[in-house]
Amino acid sequence: MKLNKKQAEAYDLVLSGVNVCITGEAGTGKSVIVQQIKENMEDSTIFLAPTGIAAINIGGVTIHSAFGAPMGLPTIAEMKTITKRSTLLFGSKKIKRIVIDEAYMTRPDLFEYMDSQLKMARSSRAPFGGIQVIVVGDPLQLKAVLNSKGKEAKLFWERYESLLPFTSPMWDKCEFNTVLLTQPMRQGNEGFLKA
């Protein structure tokens, strides 16, 4: 499939090895770029998503499954202990990048958990253990979920100001190169698009 100018810009950034944030409204072609990465770099890439349906849509796995992540807010001890899943999947130098689709549904605590696991698996202090990170999604669509009652919610709101992953200090440390896709790709009905 031929990429438009912005899609090609995003794909070229992925090829260059830098961390990339691909964002845009629904129907602007984010999934097309993920598919291009899958077709050309699947052997060196792990495709992740915060939910099962999103993972199935990209032929990937959930973040929790890939990392053996706890279901609730990770404790300090869990942040400092590497899981067998992380060691098996990410300890290999064959893996060069992770793609996180529907990334804005990933809470900041889970974002930081992935970072800590990759640092331990890769024996590196660089963000995400030095592995390339590609985040894909639209922050104006679905957000992450948090049980609004109890101790976990209280601890979460003491640490973070939002459910969005970019409220984690790790987001800035990743130094994402952001590409905003704006051209509607699903259909061209002007009246529908304006509505």
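What follows is a set of questions about the terms used for this predicted model, with answers.

Modeller: Two notes come before the questions. Residues are numbered from 1 along each chain as its sequence is written, and side-chain values use heavy atoms, without hydrogens and water. The model is predicted, and local features need pLDDT of at least 70, side-chain atom pairs count only at pLDDT 80 or more, and totals for chains, interfaces and linings use all residues.

Biologist: What makes residues 5–16 a helix, and how does the span of helix 1 compare with what is expected?

Modeller: Helices are DSSP runs of H or I with at least four residues, strands are runs of E with at least two, and both are numbered from the N terminus. Helix 1 has twelve residues. The expected span is 1.5 Å times one less than the number of residues. Helix 1 reaches 16 Å from its first C-alpha to its last, close to the 16 Å expected.

Biologist: Which residues of helix 1 are buried, and how do you know that they line one face?

Modeller: Buried means under 20% relative accessible area, exposed means over 50%, and partly exposed is in between, with a 1.4 Å probe and protein chains only. Gln7, Ala10, Tyr11 and Val14 are buried in helix 1. Seen down the axis, the buried residues of helix 1 fall within an arc of 95°, so they line one face of the helix. That arc is taken from the directions from the helix axis to the C-beta atoms. On the other side of helix 1, Lys5, Leu15 and Ser16 are exposed.

Biologist: What do the buried residues of helix 1 pack against?

Modeller: The buried residues of helix 1 pack against strand 1 (20–24), helix 2 (30–41), strand 4 (97–100), strand 5 (132–137) and strand 6 (177–181). Contact here means heavy atoms within 4.5 Å.

Biologist: Why is asparagine 4 called a cap of helix 1?

Modeller: A polar contact is a pair of N or O atoms within 3.5 Å; within protein, one must be able to donate a hydrogen and the other to accept it, and residues adjacent in sequence count only if both atoms are side-chain atoms. A side-chain oxygen of asparagine 4 lies 3.2 Å from the backbone nitrogen of lysine 6, at the N-terminal end of helix 1. Further along, the backbone oxygen of leucine 13 lies 2.7 Å from a polar atom of the side chain of serine 16. Helix 1 is followed by glycine 17, whose phi is positive, near 95°.

Biologist: What makes a group of residues a nonpolar core, and how many residues has the largest one?

Modeller: A nonpolar core is a set of buried Ala, Val, Leu, Ile, Met, Phe, Trp, Tyr and Cys residues joined through side-chain atoms within 4.5 Å. The largest has 29 residues, and Leu48, Phe67, Ile98, Ile100, Phe111, Phe128 and Val135 have the most contacts inside it. Helix 7 (108–122) is one of the elements that supply at least two residues each; its share of six residues is the largest. A second, separate core of 17 residues includes Ala10, Ile37, Val99 and Val136.

Biologist: Why is the pair of tryptophan 171 and phenylalanine 176 called tilted?

Modeller: Rings of Phe, Tyr and Trp (its six-membered ring) pair if their centres lie within 6.5 Å; planes under 30 degrees apart count as stacked, over 60 as edge-to-face and the rest as tilted. Tryptophan 171 and phenylalanine 176 are 4.7 Å apart, centre to centre, with 50° between the planes, so the pair is tilted. Tryptophan 171 is buried, with a relative accessible area of 10%, and phenylalanine 176 is buried at 13%. Ring pairs link Tyr104, Phe111, Phe128, Phe166, Trp171 and Phe176 into a cluster.

Biologist: Is threonine 106 buried or exposed?

Modeller: Threonine 106 has a relative accessibility of 1%, so it counts as buried. This residue is in the loop between strand 4 and helix 7. Among the residues that threonine 106 touches are Pro50, Ile63, Phe111 and Leu163.

Biologist: What is noted about the phi of serine 123 and of glutamate 175?

Modeller: Most residues other than glycine have a negative phi. Phi of serine 123 is near 50°, a positive value, and phi of glutamate 175 is also positive, near 50°. Serine 123 lies in the loop between helix 7 and strand 5 and is exposed at 69%. Glutamate 175 is in the loop between helix 9 and strand 6 and is exposed at 63%.

Definitions and conventions
Lists of a residue's contacts leave out its neighbours within four places in sequence.
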